[in-house]
Amino acid sequence: MPTDTYAPILEKAALLERFSALDAFLREHQLLWRPRPFVHYPTVPWETEHPELATWLRAQSLAHADAAHNQPHRVAAPAPFPQLAAQAHALSLIGQLPQLPEPHLPARLATAVPGRKWQQIDAFARCLNFKKRPQHWLDWCAGKGHLGRRLAHNGSALTCLEFNPQLVNSGQHLSSKLGIHAQHITQDVMADTAATQLHAAHTPVALHACGDLHVRLLHLASQHGCKQLAVAPCCYNRIQHTHYQALSSRAQRSALHLSIDDLGLPLSETVTAGARERRQRDCSMARRLAFDLLQRQVRGTDEYLPTPSLPAAWLDRPFAEYCNRLAALKQLPHLGTQDWQQLEQRGWQRLAQVRNLELLRNLFRRPLELWLLLDRALFLQEQGYEVRLGTFCTVEQSPRNMLLLAERT
Ligand SMILES: C[S@@+](CC[C@H](N)C(=O)[O-])C[C@H]1O[C@@H](n2cnc3c(N)ncnc32)[C@H](O)[C@@H]1O
């Protein structure tokens, strides 16, 4: 999310105001951000309406797309790109939540935590300036409970819920070693029994609990009378339903209906991949795009054929073998003799075009994420909470850097 030193955090009436503006913007331009260039061939539907923009984007290199990926609003492309970029940027502006002064923490608290994870945890914790001092933290989908320990190091009670028993055991071990009185419980938060773990005296916190998992917390915490909670969501597309289930009455009334694919858009921002990882991802995508050309020819149909994610070792195989194996997996007819080298080359060309065409879609990544966060904020408001929404860490520390703070007096 673009954070501006002068941009305010969102609260009170501004939550609904911004939601309505984003809702209108996203609805108006759905034809630009819904279609995924990866699955459309030879053209993406919006190209007929904006031929100059399409030609310009298609002429750019893969390196251009990579450089522009995290800052699509800076791309000097033909209309309507700059106008949309300016609108998207303005609608996504959000201030940083005020931070508590740096506390004096025992150094050993951070020793078992990877560096970037610790930065996220510390930044999250420093934003929790609730009016009433929390007595009992509940770390929701806690992993090893690093966040909970950072919050409870001053002696408050801590319960950590997590469904992976290995993480529960490691977490309990770490808490005991650090002298923190924590209860690490193996619990599937989606199970009916999860409701019994929540009490009014708890202050639940959830850092990067995926889709349904944090939504479940919002429901249970408000039902069980929790006075305050803090949630930084992620993976909006990890849901059981086939479509997004809006939470607030305002979003339920919206004509914007989101598929799982749509919900993946905010997650397409990559800030963490290293050079090797990026090369591997590019190679995998170029091969998929080349295979897509082939499968359209073999099946005699101009339709994208979804393929499963494949082990990285497949990329070490010659391209012909890759295609033949994938064709067998998808039960396609025999591929016969092909100019494999030329086909693979076409995959790379297509990758450069797809990535550049995606820059238009990427303009809507942040507006859509903020729309989703505001739906959660409005839901909590309807449940009687005062809600503040802002960033808690930098995008470089985590692209999922938005935090919802809710308190009920
Ligand atoms: C992205 S991690 C976040 C962990 C921790 N909050 C942090 O920021 O380090 C999500 C965690 O949710 C846990 N999880 C996934 N599904 C769950 C479920 N149904 N019930 C409880 N925990 C779950 C995973 O095992 C994982 O530890």
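The shell around the ligand is made up of 7 nonpolar, 3 polar and 3 charged residues; here Ala, Val, Leu, Ile, Met, Phe, Trp, Tyr, Cys and Pro count as nonpolar, Asp, Glu, Lys and Arg as charged, and the others, Gly among them, as polar. Before going on, keep in mind that this is a predicted model, in which local features need pLDDT of at least 70 and side-chain atom pairs count only at pLDDT 80 or more, while totals for chains, interfaces and linings use all residues. Residues are numbered from 1 along each chain as its sequence is written, and side-chain values use heavy atoms, with hydrogens and water left out.

Back to the ligand. Of the 13 residues around it, Lys117, Glu162, Asp188, Val189 and Leu207 come nearest, where being near takes a heavy atom within 4 Å. Where does the backbone come in? A polar backbone atom of Cys141 sits 3.0 Å from a nitrogen atom of the ligand. Val189 has a backbone N or O atom 2.9 Å from a ligand nitrogen, and for Leu207 the distance from a backbone N or O atom to a nitrogen of the ligand is 2.9 Å. On its own the ligand has 590 Å² of accessible area, and the protein covers 78% of that (Shrake-Rupley method, 1.4 Å probe; for residues, only the protein chains shown count as cover).

Now follow the strands. The open sheet has 8 of them, in the order β1-β7-β8-β6-β5-β2-β3-β4, and the pairing is mixed. Its edge strands are β1 (10-11) and β4 (182-186), each of which pairs on one side only. Strands here are DSSP runs of E with at least two residues, helices are runs of H or I with at least four, and both are numbered from the N terminus; two strands pair if DSSP finds at least two bridges between them.

Take β5 (residues 202-210) as the next stop. Strand β2 (residues 136-140) runs parallel to β5, joined by 4 bridges, and Trp137 has Thr203 of β5 as its bridge partner. β5 also pairs with β6 in the parallel sense, over 4 bridges, with Val205 standing opposite Ala230 of β6. Between β5 and β6 comes helix α9 (residues 211-223), and the three make a right-handed β-α-β unit: with the strands pointing away from the viewer, the path from the first strand over the helix to the second runs clockwise.

Most residues other than glycine have a negative phi, and most peptide bonds are trans. Lys12 is not a glycine, yet has a positive phi of about 50 degrees. Lys12 lies in the loop between β1 and α1 (13-28) and, at 60% relative accessibility, counts as exposed. His208 likewise has a positive phi, about 60 degrees, but His208 lies in strand β5 and is buried, with a relative accessible area of 18%.

As for cis peptide bonds, one runs from Tyr41 to Pro42, with omega near 5 degrees. Pro42 is in the loop between α2 (30-33) and α3 (51-58). Another cis bond joins Ala79 and Pro80, with omega about 5 degrees, and Pro80 belongs to the loop between α4 (62-68) and α5 (81-92).

Finally, find Pro266 in the loop between α11 (260-264) and α12 (275-299).

Methods
A polar contact is a pair of N or O atoms within 3.5 Å; within protein, one must be able to donate a hydrogen and the other to accept it, and residues adjacent in sequence count only if both atoms are side-chain atoms. Buried means under 20% relative accessible area, exposed over 50%, partly exposed in between (1.4 Å probe, protein chains only).
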